[in-house]
Amino acid sequence: LSERLQKAFAGLRRKGKVTEDDVREAMREIRLALLEADVNFGVVKDFVKDVREKAVGAEVLDSLTPAQQIIKIVNDELTKTMGETAVPLNKSPHIPTVIMMAGLQGAGKTTTVGKLSKYLMDNDHARPLLIAADVYRPAAIEQLKTIGNQLNVPVFDMGTDVDPVEIVRQGMAQAALQKNDYVIIDTAGRLQIDDALMTELDNIKALAHPDEILLVVDSMTGQAATDVAKGFNERLDITGVVLTKLDGDTRGGAALSIRAVTGKPIKFVGQGEKMDALDVFYPDRMANRILGMGDMLTLIDKAQQNYDEKQAQEMAEKIQQNSFDFNDFLDQMDQISNMGPMEDLLKMIPGLANNPAAANIQMSPKDIGHMKAIVYSMTPAERVNPDLLNPSRRRRIAAGSGRPVPEVNRMIKQFNQSKKMMNQMSKGNFGGMEGMFGN
Ligand code: GDP
Ligand code: MG
């Protein structure tokens, strides 16, 4: 996936400007890429349509950095589709909070029960009780008991000869007696969705009234994950999803389709077999992963940074050569209003890198706007040579910029002082920084 997209975006970057054809081309690549990542076909279709609507037209075409914007739009849309923010676990207002697991065999239910216990103990001082309701394989009960032992968490089990619903009933009773604040029910799975299993899960649900029904899905199962999630959700009305085995080499396309098809939030991701390998699900991080765009975004950031650094370097040199003029000042204003690299600029000046005063320079956008208006009212000659600015020129500039004459005077004076000060500081002579651009 990432390779495809990188290719598509590399194309965009080289051209610099994005035409509608470019957008169409990119969307075709994105569609193929998502399909290759096993994202559900219908989901891909909707997604691409969404992104195209957002990308075609002014938003992208008018932009100075179109490739950047397309990447951002794709990334934002992916994030949005997956739910924007992390969704916490439901918690009952009275104990116990009941969490019920569901999912196919081997998806990672039992492992996740253990991980969740640990997570809740670490983050919520929980005292959970685990209920072993997978009665079809003796090994399943042993597995849960081993995990319980390891974490020092009690496990309620009645062996394999009892109806799972009855086990849950008695387990709940024990939790009530022991005042456990969480009950986590481990359930059986099958190789595929079958009606007997769904009925059993339904019965457990009816008895336990879980606050949370977590569907555990193996992220490595690709396209199939979508159907599984759909099937379970239709029967059980799940409340959330845990996507496991993301430590594998899957790109996580399942996350996108599951969320899109069920509308239910992915709450956690499993990233390994160990008990601490459970993480809260963050849609933006998953978007990066699905796109394989982490490197690309870093690259764009870096390119931006290099550009700014180069500008700052040039500025610093000008200051040292005392050739800083109002054009540079304008550039500087622009930079400050964009991203505040005044500090960066000052850091480029030898000896000033760690001067705390450099961090104290701030200007409001309004001030910057006024200053820019004044500079815009200067002639090119005046901008390059501030010495030309006699009183009559200053009056003309005041009228042109709509700012009072005293303000124009003050600005020019500040500019001259700043220039002098920057020049002195560049020679290792500090002091009086605070007044630099202040009023
Ligand atoms: P269940 O049948 O749904 O209860 O699945 P299990 O919890 O028994 O897990 C099946 C296998 O997947 C076990 O070998 C687990 O160790 C493994 N497993 C579960 N979650 C993860 C995960 O996030 N990453 C990896 N690498 N393995 C996992
Ligand atoms: Mg199990």
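What we have is a predicted model, in which local features need pLDDT of at least 70 and side-chain atom pairs count only at pLDDT 80 or more, while totals for chains, interfaces and linings use all residues. Residues are numbered from 1 along each chain as its sequence is written, and chains are lettered from A and ligands numbered from 1 in the order in which they are written.

Let me start with the ligand. Around ligand 1 there are 18 residues, counted where the C-beta atom, placed from the backbone, lies within 6 Å, and the closest are Gly108, Lys109, Thr110, Thr111 and Gly270. Helix 6, residues 109-124, gives the largest share of this shell, with 3 residues; helices here are DSSP runs (H or I, at least four residues), numbered from the N terminus.

Now to the helix pair. Helix 6 packs with helix 7, residues 138-151, at an angle of about 20°, their axes being 10 Å apart, and the two are therefore roughly parallel, a term for angles under 35 degrees. The contact (C-beta atoms, placed from the backbone, within 7 Å) involves Thr110, Val113, Gly114, Ser117 and Lys118 of helix 6 and Ala140, Gln143, Leu144, Ile147 and Leu151 of helix 7.

Finally, confidence. Mean pLDDT, the predictor's per-residue confidence from 0 to 100, is 81 for the protein, with 77% of residues reaching 70 or more, and the model scores ipTM 0.99 and pTM 0.68. Over residues 347-362 pLDDT stays under 50, as it does over residues 430-439. Where pLDDT is low, predicted coordinates should not be read in detail.

Conventions:
Axes fitted to C-alpha atoms, helices over the stretch in contact; angles between N-to-C directions. Parallel < 35°, antiparallel > 145°, perpendicular 65-115°, else oblique. Contact = placed C-beta atoms within 7 Å.
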